[in-house]
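Please read the points below alongside the structure, which is shown next.

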Amino acid sequence: MEIFAPFLQYLISGLTNGAIYALIALGFGIIYNATTIINFAQGEMVMLGALCAISIYHLAPSLPLAFAGAVVLVTCVGLVFERLALRPVKDPSPIVLIIITVGGAVLIKGVAMLLWGKEAYTLPPFSGNVPIHLGPATILPQNLWVLGITAISVAALEAFFRLTLVGKAMRACAYNIRAARLVGIAAGRMVQLSFGVSAALGAGAGILIAPLTLGVYDMGTMLGLKGFSAAIIGGLGSLAGGVLGGLVLGVAEALATGFISSGYRDAVAFLLLLLVLFLRPQGLVGGRK
Amino acid sequence: MKTKAIVAGLILALAGLGLIFFGCGGAKQTAPYVVGAIFSISGPASYLGEPERNSLEMVAEAINAQGGINGHPLKLVIYDDEGDVTKARLHATKLAQDKDCLTVIGPSLTHTSMAALEITQKAKLPLISCAAGSAITAPAKDRVWVFKTAQTDQMAVDRIYQYLQKHNLKQVAILTVSTGFGVAGKEQLLTLASKYDIQVVAQEVFGEKDTDMTPQLTKLRGAPAQAVICWGTGPAPALVAKNMKQLGLTLPLIQSHGAASKKFIELAGDAGDGIIMPAGKLVIWQQLPDTDPQKAVCKEYADKYQAKFKAPESSFGGYAYDAIRMLNQALTKAGSDREKIRGELEGLKNFVGISGIFNMSPEDHNGLSPAAFVMVKIHNGGFQLID
């Protein structure tokens, strides 16, 4: 009991953060599947999602509106980013594109700093602030929202990729882009779509976590890196892998903070990443390529 | 055609040079007093650097509008160290090499100040730091050229422990940020505890950018503490308050003076109600009795700052405001001699500033006492003076 009580609390904290990492990891995975590049601007989409939702909420205090509005806005940012920064590149080799996404991340962060300033902002929780007691631990309604919406998003994505024609076409591009082109799939459109979906996922993650962690212009970088680690740990490109990687990472961080020392929180995340890269470079659920 | 152009260019260049010389000649009588400043204007500590820069510029503008100091205009050279020790050291070196620079104000943070003061000490250049760490000016005999206007963390700890003692709370848990501010605060919290017969029963650390402190707080929950003291700046202490509420921890929460801003109340939301902290008098100046000499100074600063920047004033800006006003007084008497400026600063007595009433001496280059802090409580979205 002595150990179990805090353990449950760490688990709740870890799963909540892990779900956010998972959403970000999925964004990395979807773009990787369509283009084989890593979009390092993914973390900034999270930040944009949080800050846009906060701004919309200040204009019209309705959370559903803020959620939907911010997701739509950030999706547009993702689409425009792909159209203006990536598609016109003459030499679209992955390394060039990856470096462009790093530049894009810096640019988006800078613009956000000018628009919102350097201060942190707060978004009210979706349904109250009264903690729910779960045995010896407590959980906020917002934690449940994070876990629930992540689960729904993952299920919806899975259905989209398995059941719809567009989803299947995107998967075809992931397997072999040349063959996909040969059977008449507009590969360029699929790439653009992947950026849109990833941006939407990132925005969702940002809005979900804003009531718990506040929104500030430089929150995206670390979240992006953690999401990236989660994607690698789980296996880049795999939906199940991204989710698993995110949850494993979140729980490992929380347990390390709780049982070892809070100073090692970030170290644990990256240690885990290195371990996976050494021992199982294809990720926990990634198949051998 | 080409030669014509060259000749024309030469004439223009000469005319330009002449203008420069002429300009210099005209200004020779009243060469500006150059004051350097290093603040963390961008980066994670921008909430300190920005109001500090604003306050400095506001006072300098006012001084120059009134004809400068003894006829000498005040010229500011302001650098941004982004909260980075390396950059602070670099800017300090630049200012130390500028022989016109009379004094440096800043840096904003304890660790950047410690880096900068090494350089300015060697160059015999007075430095007025705006950071909290008591090690910046202590021991004063080793810090001949260094002064500071911010209250030290030691005074804040004194005030908190006095409050706890008064309310008979003897066991505390402490939660400190891993930056210089938190490390220095933790050190004072641990060393001063025995003096007030207080026992630190648990200690935890969090990162400046951490977004979830529930694991640390869960650990604290197991300790037999009667109060939690959180030592941090920026958004993180607000998250500590939120997480405590989330975990259903009902212990009294005491924050450091690093959280004493309106932004903190806004970020903490309803989790902020009832939080107690030491604060400079600026945050509650309206509640001060009229007999308090600081009331008028605070009012003037708050009114001017709000009128000029359309933003709420902050205690942090007050550090720079005190520094430049002190320096103004010293420059008026000492002129452009660094040694004399240092002497004037050291001899400063009964200087009523935003952060307190300064009485400098060769043994004390901060000049403030724990009375510079008042204890306040967050109540209905505002600060309430309680002690």
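1. In strand β3 (residues 101-105) of chain B, B:Val104 is the bridge partner of B:Gly36, and four bridges in total join β1(B) to β3(B), the two strands running parallel. Strands count as paired here if DSSP finds at least two bridges between them, while the elements themselves are DSSP runs numbered from the N terminus, with helices (H or I) of at least four residues and strands (E) of at least two.

2. This is a predicted model, in which local features need pLDDT of at least 70 and side-chain atom pairs count only at pLDDT 80 or more, whereas totals for chains, interfaces and linings use all residues. Residues are numbered from 1 along each chain as its sequence is written, and chains are lettered from A and ligands numbered from 1 in the order in which they are written.

3. Strand β1 (residues 33-39) of chain B also pairs with strand β2 (residues 74-80) of chain B, to which seven bridges join it in a parallel arrangement; B:Val34, for example, has B:Lys75 as its bridge partner in β2(B). Together with helix α2 (residues 46-65) of chain B, these two strands make a right-handed β-α-β unit, meaning that, with the strands pointing away from the viewer, the path from the first strand over the helix to the second runs clockwise.

4. Six of the seven residues of β1(B) are buried, a residue being called buried if 20 or more other C-beta atoms, placed from the backbone, lie within 10 Å of its own.

5. For chain B, the domain assignment, which is automatic or taken from a database, gives domain 1 (32-152 + 294-370) and domain 2 (154-286 + 373-385). Their C-alpha centres lie 27 Å apart, and the contact between them (C-beta atoms, placed from the backbone, within 7 Å) takes 25 residues from domain 1 of chain B and 20 residues from domain 2 of chain B. On the domain 1 side, the largest share, five residues, comes from α10(B).

6. Between the chains, the contact takes 23 residues from chain A and 28 residues from chain B. The elements that give two or more residues to the chain A side are α1 (4-35) and α10 (239-260) of chain A, and the largest share, five residues, comes from α1(A).

7. As to confidence, chain A averages a pLDDT (the predictor's confidence in each residue, from 0 to 100) of 90, and 98% of its residues score at least 70.

Definitions and conventions:
Two residues are in contact if their C-beta atoms, placed from the backbone, lie within 7 Å. A residue is buried if 20 or more other C-beta atoms lie within 10 Å of its own, exposed if 12 or fewer, and partly exposed in between; C-beta atoms are placed from the backbone.
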